[in-house]
Amino acid sequence: MEKNNVKLKRKYYIKKDTLIGMYYYQMKTVSEIANAFNCNYKTIIRLMNDYGIQRRRLRNTKEKPLPDRITKSELIKLYLDEDKTFEEIGSIVGLTAATIRKWVIKWEIPRKRIHFTAKEEISREEIIEWYITQNKSVHELREKTNVNYRSIYRLLDFYGIKKRSHKESVNLYFKNNPNLNLNFIRKESGELYYFLGLLLTDGTISRAGRVEIGLIDKDVIEWIAEKLELKTSINKISSGKSYVVGRKLKKPSKPIYRISFLNQEATQLLKEYGVEPNKTYTVKFPKIIPNVFIADLIRGIFDGDGGISLSKYKTKNGDSTRCHIHFSSASEDFIKGIKQNIELLIGGNRKITIRKKGTSILYIFQFSKREDVIKFLELMYRNDAFGMGRKKQKAISFLEMTNRKFK
């Protein structure tokens, strides 16, 4: 073959025993073996497949494959004849219980029939009545029967009863154990739309369905917790943190107060209003809003992404105060919705300005005409509606200067 310049196949000069020794006993990687024989690592992988050598699946593990530790017949003897558990077998051969279980399945060794006393305490008819008919959770069954979780799950398998998925279990748990007052979200009200305005700006919903909102304004967070009748606590995040509720912040001088809850029905209802995960650049203004609640929604957005500033200037008649209202958002659709609905309340036709910084774009809607500001603030806080304390106080101060007050 050398004389006729015929290339020698790799498998003829890398023996199976050599490959097993380097891979399993010397714990070399595929790349290291390839370098040793001056070949491509794909060649080693093909050889391992040809020889039937199983690849390591766990990183940084020094465990040898099961066939080198225990044979199928020995596993059958320990598992079925001596009735040992996966943990007990694993401790004998130096492997994890999960590895033993995997090889029991791979070698198609019959699983042991359950022989615990739980089946004598709970009949098939009883578990069907509780688990299927009454929709009880496994947690409730455990408390009712004083049988541990594992035994109940094994009973379900033994009786051939289909187990709920994780998502179904979570939905059932929060349906039977609500961690908030769902009626607050189910029923339209000014307070609900104010809460929605805050969520659309400073809140978020994770992909798992958890709703979170964090602010430096403790009064607002406490108000939300009270209205929702939350059973979860308010978390205080120190001022040294640079993030909250999935978004980066400049290091605030004040602590952040955060609440969160997980309830599938609440999450679905809020999503219908446009509260979605990762919504910073894509958030849309809710399309269908009863006219009576527009001001409440705008007030929530104002407390989230709006601002009010007072500045003094001199006139012929003495000092005067100007009030400036502004809203900002990274979503063009959202700022257009804000503009449209505010102008529906106070009239006018104003421009949206664009501020660019690098690749980021910020859309701004603002106005400072005295008559427009007075009309806006009176609508926002009519009937002394709740609002963020620091912003509402500025509004009160300005209206007092103009001899006006909330209606």
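The legends below describe close-up views of one predicted model.

Residues are numbered from 1 along each chain as its sequence is written, and side-chain values use heavy atoms, with hydrogens and water left out. Because this is a predicted model, local features need pLDDT of at least 70 and side-chain atom pairs count only at pLDDT 80 or more, whereas totals for chains, interfaces and linings use all residues.

**View 1. The protein chain has 21 helices and 10 strands.** Helices (H or I, at least four residues) and strands (E, at least two) are DSSP runs, numbered from the N terminus. Of the 407 residues of the protein chain, 41% count as buried, where buried means under 20% relative accessible area, exposed means over 50%, and partly exposed lies in between (1.4 Å probe, protein chains only). Among the contacts with a separation of 6 or more, 66% are made by residues 24 or more positions apart, a contact being heavy atoms within 4.5 Å.

**View 2. An open, antiparallel sheet of 4 strands has the order E1-E2-E6-E3.** Two strands pair if DSSP finds at least two bridges between them. Strand E1 (203–205) and strand E3 (235–237) stand at the edges with a single partner strand each, so one side of each is left without a neighbour in the sheet. On average, and with direction ignored, neighbouring strands of this sheet are turned by 25° against each other; the axes behind such angles are lines fitted to C-alpha atoms, for helices over the stretch in contact, and angles run from 0 to 180 degrees between N-to-C directions. E2 is joined to the antiparallel strand E6 (residues 256–262) by 6 bridges, and Val-211 stands opposite Phe-261 in E6. Helix H15 lies across E1 and E2 and runs at about 85° to E2.

**View 3. A second open sheet of 4 strands, with antiparallel pairing, has the order E7-E8-E10-E9.** Its edge strands are E7 and strand E9 (352–357), each of which pairs on one side only. E9 pairs with strand E10 (residues 360–367) in the antiparallel sense over 6 bridges, and Lys-357 stands opposite Ser-360 in E10. Helix H19 lies across E8, E9 and E10 at about 5° to E10, while helix H21 lies across E7 and E8 at about 30° to E7.

**View 4. Helix H18 is mostly covered, with 11 of its 12 residues buried.** From its first C-alpha to its last, H18 reaches 16 Å, close to the 16 Å expected at 1.5 Å a residue, the expected span being 1.5 Å times one less than the number of residues. The buried residues of H18 include Asp-296, Arg-299 and Asp-303, together with Ile-294, Leu-297, Ile-298 and Phe-302. These buried residues pack against H15, strand E7 (306–315), strand E8 (318–329), helix H19 (332–346), helix H20 (370–380) and helix H21 (389–401).

**View 5. The largest nonpolar core holds 63 residues.** Such a core is a set of buried Ala, Val, Leu, Ile, Met, Phe, Trp, Tyr and Cys residues joined through side-chain atoms within 4.5 Å. Leu-270, Ile-325, Phe-327, Phe-376 and Leu-377 touch the most other members. The largest share of this core, 8 residues, comes from helix H15 (residues 190–202).

**View 6. Asp-217 lies in the loop between strand E2 (210–215) and helix H16 (218–228).** With a relative accessible area of 8%, Asp-217 is buried. Its side chain is joined to that of Arg-390 by a polar contact of 2.6 Å, a term for a pair of N or O atoms within 3.5 Å in which, within protein, one must be able to donate a hydrogen and the other to accept it, with residues adjacent in sequence counting only if both atoms are side-chain atoms. Leaving aside neighbours within four places in sequence, Asp-217 is in contact with Met-388 and Arg-390.

**View 7. Asn-38 has a positive phi, near 55°, in a residue other than glycine.** Most residues other than glycine have a negative phi. Asn-38 lies in the loop between helix H3 (30–36) and helix H4 (41–51) and is exposed, with a relative accessible area of 68%. Asn-278 also has a positive phi, of about 50°, although it is not a glycine; Asn-278 lies in the loop between helix H17 (264–272) and helix H18 (294–305) and is exposed, at 57% relative accessible area.
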